[in-house]
Amino acid sequence: MSGTSGLFQLWQVPSSSLFSGCSKLSKGLYLVPARVMYPMSCFRKQMQTTYEIVKGSYVSNPQDRQESKEKLTPKVENVGAFQKLPMVMPSVDILHSALRKAKRVSPTKGIANAAKRERNKGAKQLDSLMKELAVPLRTYKENFPNKKYLHPYERSLIELTLGDGNYEDVLGKLEALRKKVVSVGKEHASICAKSLSKREAEERLNEGLKRIQEIFDRDGKAVDELLNIAKTLRAMPVVDLETPTLCLVGAPNVGKSSLVRVLSTGKPEICNYPFTTRGILMGHINLSYQNFQVTDTPGILRRCDEDRNNLEKLTLAVLTHLPTAVLYVHDLSGECGMSPSDQFVIYKEMRERFSSHIWLDVVSKCDLLQASPVIFTTDDCNADNFELVRYRKIGPDGALNVSVKKEIGLQELKKRVYELLVSQSERIRKQKSKEGLEVSI
């Protein structure tokens, strides 16, 4: 009788018959003799659910439910995967090391016949060379993470820094090289083992060594590409999701990097041209004996997402995938090269798009502000838009005026930033408690 048919027949048994002979312990609880009742199992393909008796009814085991959920849900890594990448040797070093070790392999002891001894040595050396090359390639392939299981932030960093698809392409080339080395190595080892004379065995050995070396010389550049990828990814800033993070956002050249230098340990490049920040720079803030993170991001231009460059997309990735508080920097002095009208449009878009973030607005270079606002030839001079007119003069409501050069408003800025990050810390704590509660349920 199959497990399923047995289960249906058991369901058809009246409950009075099912529990006859049971000893009642307390209200709703029964002690069932082993010869009368057994725990049942319901089988499905690749899944088994056990049931236990609770108050005379069958309920699925909570542990099985949790295990099934874990099996069905792919494991997504936390941030920090790039720091766990294996060290990659240059392809030339791997090849030379493999050749050196292979040539030290000696024939099996006790073989008196010279031809047999030579073909035994040749086959063993070719097999050794094949393994010495294939093992590190397999190790790299297994220890570089699958991109789809990375944290979304690190997945975005790979796509925007290396180019979409390049990471998988290099790993694919690496695996193809490994398979080729294994295939050719086994083929030539087999040919060498069938040699009829000592001279033939030596020739087959040299042919095999030369063939494997040619393959690795030609396709080994995939290893060097992986080496460069590893260096690039390890240089990415490390983000602690449980430490409150302040993200500076704004148009290019509005003074974000100057404020990062004032607020944190980060030392970004400061120059008077757009996109000074060419990546994500991470620093730390220590306020009132508490440690926080601060990140400087590339500037955002006024254009749709399809037209944004990878630097702008890095900024959007940080805001999208990391739990950050936002310090949005405005420059109304005209020094940044972007009109206040364009900055206003970008600001409204970002504020609406990331409305769930805690937000603080700062007008930088306030020492350069004039009584009358700066007007660009490309400016929107619509006097009916009162919000824009007001923005040109003083920025958004509640914005803090600061000047790094004249040291205006910096103490107030640090105070407001501390309050912002304390609020962010509370948010992270509540989110963590909520996730812990969901897991326990």
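Trainee: Which residues are buried in helix α13?
Mentor: This is a predicted model, in which local features need pLDDT of at least 70, side-chain atom pairs count only at pLDDT 80 or more, and totals for chains, interfaces and linings use all residues. Residues are numbered from 1 along each chain as its sequence is written, and side-chain values use heavy atoms, with hydrogens and water left out. In α13, residues 386-394, the buried ones are Leu 388, Tyr 391 and Arg 392; buried means under 20% relative accessible area, exposed over 50%, partly exposed in between (1.4 Å probe, protein chains only). Seen down the helix axis, the buried residues of α13 fall within an arc of 100°, so they line one face.

Trainee: And which residues are exposed on the other side of α13?
Mentor: Phe 386 and Lys 393.

Trainee: What do the buried residues of α13 pack against?
Mentor: They pack against β9 (324-330) and α12 (340-353), where contact means heavy atoms within 4.5 Å.

Trainee: Now the rings. How many aromatic pairs does the structure hold?
Mentor: There are six; rings of Phe, Tyr and Trp (its six-membered ring) pair if their centres lie within 6.5 Å, and planes under 30 degrees apart count as stacked, over 60 as edge-to-face and the rest as tilted. Tyr 328 and Tyr 347 form an edge-to-face pair, 5.2 Å centre to centre with 65° between the planes. This pair links distant parts of the chain, with Tyr 328 in β9 and Tyr 347 in α12, 19 residues apart.

Trainee: Why does Tyr 328 count as buried?
Mentor: Because its relative accessibility is 2%. Tyr 347 also counts as buried, at 7%.

Trainee: Which residues do ring pairs link into a cluster?
Mentor: Tyr 328, Phe 344, Tyr 347, Trp 359 and Tyr 391.

Terms used:
Helix = DSSP H or I, 4+ residues; strand = E, 2+ residues; numbered from the N terminus. Arc of directions from axis to C-beta.
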